[in-house]
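Visitor: Please show me the structure, and let us then go through it by question and answer.

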Amino acid sequence: MIFLCFYSGLKTQAALLGGSTMVIAHVLPERGASLLEEFEKIRAHADAEACCDYALHVGVTWWGPKVRREMQVLVGEKGVNSFQMFMAYKDVLMLKDSELYQAMHSCKDIGAVARVHAENGELVHEGTKEALDLGISGPEGMEISRPEELEAEATHRAITIANRAHCPVYLVNVSSVSAADVIAAARMQDKVVHAETTLAHSALSGMHYYHQDWAHAAAHVIAPPLRLDPNTPDCLMGLLGNDIINVVASDHRAFNTKQKAMGKEDFTKIPHGAAGVEDRMSVIWERGVVAGKMDENRFVAVTSSNAAKIYNLYPRKGRIVPGADADVVVWDPDASRTISASSQAQGGDFNLYEGQRCHGVPLVTISRGRLVCENGVFTCAQGSGRFYPMRSFPDFLYKKMVQREKVPLSVYRCRDPQTQRLRGVDRAPYSGDVAAVTNSIRKESATPEGDVPMRASTRHSGVRDLHESSFSLSGAQVDDHIPKRSSARILAPPGGRSSGIW
């Protein structure tokens, strides 16, 4: 289990300093472990240490009747409405397609958000072995073993499985243009698909894996890996601006160099993750708004309000209206700051955005009406954050699906019929005879070599068919008995008549 420390690890303090007033963390049980028990452990620890409000995703890392029952309890009694499933991490977190289908079907029945990390786990496993066999043990092996086509394939498969289960799907950690193209195509086909990328994927390229400094390269190891194409970050930022990708997350996991060094001789042992919760808002403002990829309203949507809608926290969170939680960030678009690991509060001894100067700084952060941060000074007590239960069946994902269930199939036939309730054909029963058919496939007896049957030849009057002939090298031919004519007058030669000299 990945245990997140809400004060010194997840850094809810850093979230508030960066302008984020709520976080949603992960509970990832080991295979075979109880989802409920792991949830309760994390919840007890977080209540004592969280500085800002929080909620929890729960990972479905294995499948069985017990998991199904516990998902129902988590949604019905514990305030969980999102479950993360993995198509990667074979033998650790990965679900098979049939298990993924059943998990999504359960999510649909209980109104939960089905989050999917989409990479082809089988081929990632094979690619990892191939890289190690070639002697590639450094961080570049991460990028080599997990090309973006494996993400695109798994993304398409996840959307297909979700469509068959009639379940909205939420793709996480979208890292490539190839996967984003699959998502855009699915949405054009009216499938209920939403997606998030991360701060690192939308700001950095995979060339960092080839840096001469091992610690620098290892610090960038995340999953899926950063992409080599230098245009990918700008493309992902543009897709955020155009609502193809809905949310940008920090995917915050702060590891220091000593922890990353677990994989100093084997890239598969490098912990996946990087710090980012403190820098998310400023970097997105700089690379999104200042760069002209999105306007201020879209910035608010991808960093705040869309997530609140997807997880059914809106309008209590994600909006400033009477009756909401009074989570307010006073943002100065003209102020700037230079990012540095030496001054960060989010943990770790490395910052992926080291030395970057960002416009857009949170001057004041207010959480539930309480001043918690002002001009970079933290004024909130440890443990003052609250756990926020998330309600099931968020309209942002489920309203369209629920409506489709009500529409007769014949009315909706012009669209994907799989999104409708299936029904059989009302017909009279068959009353004729029934004959038994054996299931065994009869093998045709092989023709002995050299005994090839002759095709039946079709004879045309007075003409030898050279395609179907019985021509023999012996000299005697089958039509030798037919009298030969000395000449023949051609009335209609091929190509038409000619007046030339023959």
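Visitor: Which residues form a nonpolar patch on the surface, and what accessible area do they have together?
Guide: The model is a predicted one. In it, a nonpolar patch on the surface is formed by Ile144, Met207, Tyr210 and Leu228. One of these residues, Met207, is located in the loop between strand S6 (193–198) and helix H9 (214–219). Together, the four residues of the patch have an accessible area of about 340 Å².

Visitor: Is strand S2 (residues 53–59) largely enclosed by the rest of the structure or largely open, and how many of its residues are buried?
Guide: Buried here means under 20% relative accessible area. In a regular strand, side chains alternate between the two faces of the sheet. From S2, Tyr54, Leu56 and Val58 point one way, Asp53, Ala55, His57 and Gly59 point the other way, and all are buried. S2 is therefore largely enclosed by the rest of the structure, the count of buried residues being seven of seven.

Visitor: Which residue of S2 is the bridge partner of Val27?
Guide: Strand S1 (residues 22–27) runs parallel to S2, and six bridges join the two. Between them the chain passes through helix H2 (residues 35–49), in a β-α-β crossover that is right-handed. The partner of Val27 in S2 is Val58.

Visitor: Which residue in S3 does Gly59 stand opposite?
Guide: S2 pairs with strand S3 (residues 82–86) in the parallel sense, over two bridges. With helix H3 (residues 65–77), S2 and S3 make a β-α-β unit that is right-handed. In S3, the residue opposite Gly59 is Gln84.

How values were computed. Residues are numbered from 1 along each chain as its sequence is written. This is a predicted model: local features need pLDDT of at least 70, side-chain atom pairs count only at pLDDT 80 or more; totals for chains, interfaces and linings use all residues. Side-chain values use heavy atoms; hydrogens and water are left out. Buried means under 20% relative accessible area, exposed over 50%, partly exposed in between (1.4 Å probe, protein chains only). Helices (H or I, at least four residues) and strands (E, at least two) are DSSP runs, numbered from the N terminus. Two strands pair if DSSP finds at least two bridges between them. A crossover is right-handed if, with the strands pointing away from the viewer, the path from the first strand over the helix to the second runs clockwise. Patches are made of residues with over 30% relative accessible area and no salt bridge: like charges are joined within 9 Å, nonpolar side chains (Val, Leu, Ile, Met, Phe, Trp, Tyr) within 5 Å. Accessible areas come from the Shrake-Rupley method with a 1.4 Å probe; for residues, only the protein chains shown count as cover. A salt bridge is a side-chain nitrogen of Lys or Arg within 4 Å of a carboxyl oxygen of Asp or Glu.
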